[in-house]
Every structure is written in structure tokens, then in C-alpha cells.
Amino acid sequence: MNYDINLIWSTLLPLTSEEVNKLNGKGIEGVFRISKKETDGKFYVVFIGSATNIKDELNLLLSEKDWLKQGEFSFRYAPL
């Protein structure tokens, strides 16, 4: 079987607790990707995930993953 899913991605958003907390308070189910800004000024995807509540998952990652404090990161998400 072949399933086609069309994802509508958000704009690129800074990966900060302030920005993450602007997401829908009830939670958004979907997929997300985290990108890091490199020396050439471009963002490259370094992490892909899915969650029943993207806001809670991103806040958890921000609190637990030290590597997210080393550099400039952004994220996009697509609701399912």
C-alpha cells in the first residue's frame, strides 16, 4: 500500500521556550524538525521527531538536551 500525506509546514521559528510556548495550549499533534545554523549562515536539519503534543515535546527537549544550548537552533512543525 502506498499512502500519500501532504504536510503543511510552519515557517522557520526560533527554538526558544518563549516561541515554543506560543504554540496552541491544548497541544498540536504532528511532526517537527530542528535545524542548526552553521557558519555558512544556513540552517541544516539535525533532528526529526513526532509527538502527540509538539509543544510539550519541544519543551522537554529544550530542558534535557544540552546540545540545544550550543548554537542557534530553529524548528518547523506540521500538524497531522
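1. Glu 72 has a relative accessible area of 43% and is partly exposed, a class lying between buried (under 20%) and exposed (over 50%), with a 1.4 Å probe and protein chains only. The model is predicted: local features need pLDDT of at least 70, side-chain atom pairs count only at pLDDT 80 or more, and totals for chains, interfaces and linings use all residues. Residues are numbered from 1 along each chain as its sequence is written, and side-chain values use heavy atoms, without hydrogens and water.

2. Glu 72 and Lys 37 form a salt bridge (4.0 Å, N to O); the term means a side-chain nitrogen of Lys or Arg within 4 Å of a carboxyl oxygen of Asp or Glu. This pair links distant parts of the chain, 35 residues apart: Lys 37 lies in strand β2 and Glu 72 in the loop between α2 and β4. Helices (H or I, at least four residues) and strands (E, at least two) are DSSP runs, numbered from the N terminus. Lys 37 is partly exposed, at 34% relative accessibility.

3. The structure has two salt bridges. One of them joins Lys 22 and Glu 19 (3.4 Å, N to O). Lys 22 is exposed at 62% relative accessibility, whereas Glu 19 is buried at 18%.

4. The open sheet has four strands in the order β1-β4-β2-β3, with antiparallel pairing; two strands pair if DSSP finds at least two bridges between them. β1 and β3 (43-51) are the edge strands, each pairing on one side only. β1 pairs with β4 (residues 73-79) over two bridges, and Leu 13 stands opposite Phe 75 in β4.
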